[in-house]
Each structure stands twice: as C-alpha cells, then as structure tokens.
Amino acid sequence: MAFHHPRIELPITFDQFHTLPRNPAYKYEYFDKRAVLSPRPKAFSCVLDLKPTPVPDGFDVRPLPAADIPGLEKLFLHANIHTQPYQSLDEKKQAEAAKDAIERVVAGDDGPLIEAACFQVFDDRRDGPIGAAVVTLVHPDILTVPFAGEWKEPPPADAVAKRLGVPHLTWIFVSWWEVRRGVGSALLAHAANALHRLGFPHLASTFALDNPASALWHWRNGFRLLPQMSAMGELIRRRKKASG
Ligand SMILES: CC(C)(COP(=O)(O)OP(=O)(O)OC[C@H]1O[C@@H](n2cnc3c(N)ncnc32)[C@H](O)[C@@H]1OP(=O)(O)O)[C@@H](O)C(=O)NCCC(=O)NCCS
C-alpha cells in the first residue's frame with residue numbers, strides 16, 4: 001500500500017487548534033501560529049477463514065479480467081473520494097494517487113494477481129462497473145508477523161498455482177453512489193468462493209484506522225484482527241535490530 005497523505009498546515013489560533021476534530025491518520029502539533037498535521041497512517045491486517053459462502057441475490061457480479069483493471073482508475077477514485085488521503089488532495093494529486101494504486105497492482109507490486117478471484121459488479125442504471133474486488137497473493141508471513149506480507153524477493157511464476165502465499169483483498173471499492181446496499185459484500189462472497197475452490201484456506205486484508213467504513217465492513221463480514229504490534233514497539237524493535 002503506497003501512502004499519499006499530504007502534510008497539512010493551517011494558519012489558525014491556538015484556541016481554534018484545540019477545537020479541530022482529530023483524524024487518526026495524523027499527528028497534530030501547533031508551531032508558530034500554525035496547526036501542523038503530519039501524516040501517520042496506521043494500517044491493520046485481518047483475516048477471513050474461507051468456506052463456501054452464500055452469494056447474495058440481485059447483483060450482476062462478473063469476473064474481472066486483468067486486462068480490465070487499468071480501466072478502473074476513475075471508479076477507484078470515485079469510491080475513495082471521501083477517504084484519506086484522497087479527501088485532502090487537490091484534483092491533480094487525487095488522480096495521481098489513484099493511478100499509482102492501480103499501476104502498482106498491474107505491475108505486480110502488491111503481489112501476483114489471483115485473477116480467478118477478481119470480480120466486478122455492474123448495474124443497468126450506470127455506465128461501467130459500480131464496484132470491484134482485486135485479490136493478490138502476498139507473503140504468508142502476513143498471518144503471523146505484524147507489518148508483513150511483502151515479498152522480499154519476487155515469488156516464482158507459479159506461486160498462485162502452488163498456493164505459496166496468502167490471498168489478500170488488496171482493493172475492494174464501490175462507487176460512492178452505491179455504497180451500503182451490499183455490493184461490497186457480494187464481491188467478497190464471490191472472491192471467497194473462488195479462492196475456496198482454488199484450495200486457499202484464508203483471505204487476508206488490510207484496513208486503515210482512519211477508514212471506519214472499511215474497518216466496520218471487514219468486521220461485519222467476519223474478518224478477525226491479526227497479531228498487532230504498536231507502532232512504537234515496532235520502531236524500537238527495528239532500531240535495536242539496526243544497531244545490532
Ligand atoms: C468499504 C466498502 C468497500 C464497503 O462497500 P459497501 O458496498 O458499501 O458494503 P456493504 O453494503 O456490503 O456493507 C456491509 C456492512 O459494512 C459496514 N459499512 C459499510 N460502510 C459503512 C459506513 N460508511 N459506515 C458504517 N458501516 C459501514 C456496515 O456494517 C454494513 O452493514 P449495514 O449497512 O447493514 O450496517 C465501500 O465503502 C468503499 O468502497 N469504500 C472506499 C474504498 C475502501 O475504503 N475500501 C476498503 C479498503 S481497500
């Protein structure tokens with residue numbers, strides 16, 4: 001996951017600073033008559049144990065071929081427009097961040113694509129898809145080690161066929177106009193069944209602490225939190241390791 005959170009400076013009084021609502025993706029400080037908000041995004045991993053899952057009726061869910069993923073940039077941005085960092089970026093940077101997210105998946109930077117588990121939802125009332133789920137294969141240490149899941153070396157070409165990693169719901173996004181009517185859960189049911197058929201026992205995912213819709217959606221759909229380490233604990237561990 002790439003982070004595009006901007007540093008924000010607001011020329012406001014100290015009293016006004018204390019009335020600012022707080023977002024958990026930011027550290028809040030006051031210097032020289034300015035509020036300074038520095039990005040500190042926090043992501044958490046969770047996992048779903050896979051079993052045959054009933055597929056909800058009423059959704060036109062179709063496979064998402066790899067070749068269609070680059071065309072999802074506009075939908076991705078529209079789905080994320082009220083989440084951080086997109087909400088705090090100008091239009092140009094929003095488009096760049098969305099392009100970057102999609103390009104990372106296409107390039108394989110989020111792990112090899114599990115194409116058979118990627119789906120999109122269509123609706124007669126709209127042009128193009130209204131939601132999509134993109135699943136990649138991450139390193140199996142995501143299940144046991146905090147802040148893990150990245151491949152240290154490129155995985156073998158047959159990593160998906162040999163189930164050498166853990167499927168990860170790298171992106172699930174639903175048009176802002178269509179949220180909260182079951183589209184995301186329908187996509188998940190299709191992805192979960194496809195992965196179960198392929199013989200995978202788990203689906204991992206990651207949510208940002210400052211994205212309550214995502215956190216609640218994962219919880220509501222049965223994901224459980226994986227082992228966590230406080231950010232400070234991780235920093236101390238890395239410093240100790242670096243100093244030998
Ligand atoms: C997260 C997201 C995929 C959910 O899709 P969706 O189609 O709205 O989800 P569903 O309709 O299946 O939601 C089911 C449950 O999720 C939870 N939920 C979803 N959105 C919520 C919100 N805004 N506030 C609170 N709970 C929410 C609720 O428990 C909801 O059940 P309920 O409506 O009966 O209370 C969608 O909001 C989205 O695209 N967000 C932007 C992109 C994103 O954050 N993706 C996740 C990280 S990759």
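Biologist: Where is the place of Pro 85?

Modeller: This is a predicted model: local features need pLDDT of at least 70, side-chain atom pairs count only at pLDDT 80 or more, and totals for chains, interfaces and linings use all residues. Residues are numbered from 1 along each chain as its sequence is written. Helices (H or I, at least four residues) and strands (E, at least two) are DSSP runs, numbered from the N terminus. With those names, you'll find Pro 85 in the loop between H2 and helix H3 (91-107).

Biologist: And the peptide bond from Gln 84 to Pro 85, cis or trans?

Modeller: Most peptide bonds are trans. From Gln 84 to Pro 85, though, omega sits near 0°. That makes this one cis.

Biologist: Arg 180 next: buried or exposed?

Modeller: Arg 180 sits in the loop between E8 and H4, and has a positive phi of about 65° although it is not a glycine. The cut-offs count other C-beta atoms, placed from the backbone, within 10 Å of a residue's own: 20 or more is buried, 12 or fewer exposed, anything in between partly exposed. Arg 180 has 9 of them, so it is exposed.

Biologist: What class does Arg 163 get on that scale?

Modeller: Arg 163 is in the loop between strand E7 (129-138) and E8. Arg 163 is not a glycine either, yet its phi is positive, about 55°. With 17 C-beta neighbours inside 10 Å, it counts as partly exposed.

Biologist: Which helix supplies the largest share of the shell around the ligand?

Modeller: The ligand is surrounded by 22 residues, the closest being Val 179, Gly 184, Ser 185, Ala 213 and Arg 220; near here means a C-beta atom, placed from the backbone, within 6 Å. Helix H2 (73-80), strand E8 (166-174), helix H4 (183-198) and helix H5 (212-220) each give at least two. The largest share is six residues, and it comes from H5.

Biologist: How many charged residues does that shell have?

Modeller: For the classes, Ala, Val, Leu, Ile, Met, Phe, Trp, Tyr, Cys and Pro count as nonpolar, Asp, Glu, Lys and Arg as charged, and the others, Gly among them, as polar. The shell has twelve nonpolar and seven polar residues. The charged ones number three.

Biologist: What length does H4 reach from its first C-alpha to its last?

Modeller: H4 has 16 residues, and the expected span is 1.5 Å times one less than the number of residues. That gives an expected 22 Å, and H4 comes close to it. Its actual reach is 23 Å.

Biologist: Which strands are the edges of the seven-stranded sheet?

Modeller: That sheet is open with mixed pairing, in the order E5-E6-E7-E8-E9-E4-E10; two strands pair if DSSP finds at least two bridges between them. E5 and strand E6 (residues 119-122) pair in the antiparallel sense over four bridges. The strands that pair on one side only are strand E5 (60-63) and strand E10 (224-225).

Biologist: How far apart in space are Phe 44 and Gln 228?

Modeller: Phe 44 belongs to strand E4 (residues 43-49). Beyond its neighbours within four places in sequence, its contacts (C-beta atoms, placed from the backbone, within 7 Å) are Thr 206, Phe 207, Leu 209, Leu 225 and Gln 228. Phe 44 and Gln 228 are 184 residues apart in sequence, but C-alpha to C-alpha the gap is 7.4 Å.

Biologist: Which residue in the turn between E2 and E3 has a positive phi?

Modeller: Strand E2 (residues 26-31) runs antiparallel to strand E3 (residues 34-39), joined by six bridges. Phe 31 stands opposite Arg 34, and Lys 27 opposite Ser 38. The two strands form a hairpin with two residues between them, and the one with a phi of about 50° is Asp 32.

Biologist: Last one: how far apart are the C-alpha centres of domain 1 and domain 2?

Modeller: An automatic or database domain assignment sets the bounds, giving domain 1 (1-41) and domain 2 (43-232). Ten residues of domain 1 are in contact with 14 of domain 2. On that side, domain 1 has seven nonpolar, three polar and no charged residues. The centres themselves are separated by 29 Å.

Key:
Two residues are in contact if their C-beta atoms, placed from the backbone, lie within 7 Å.
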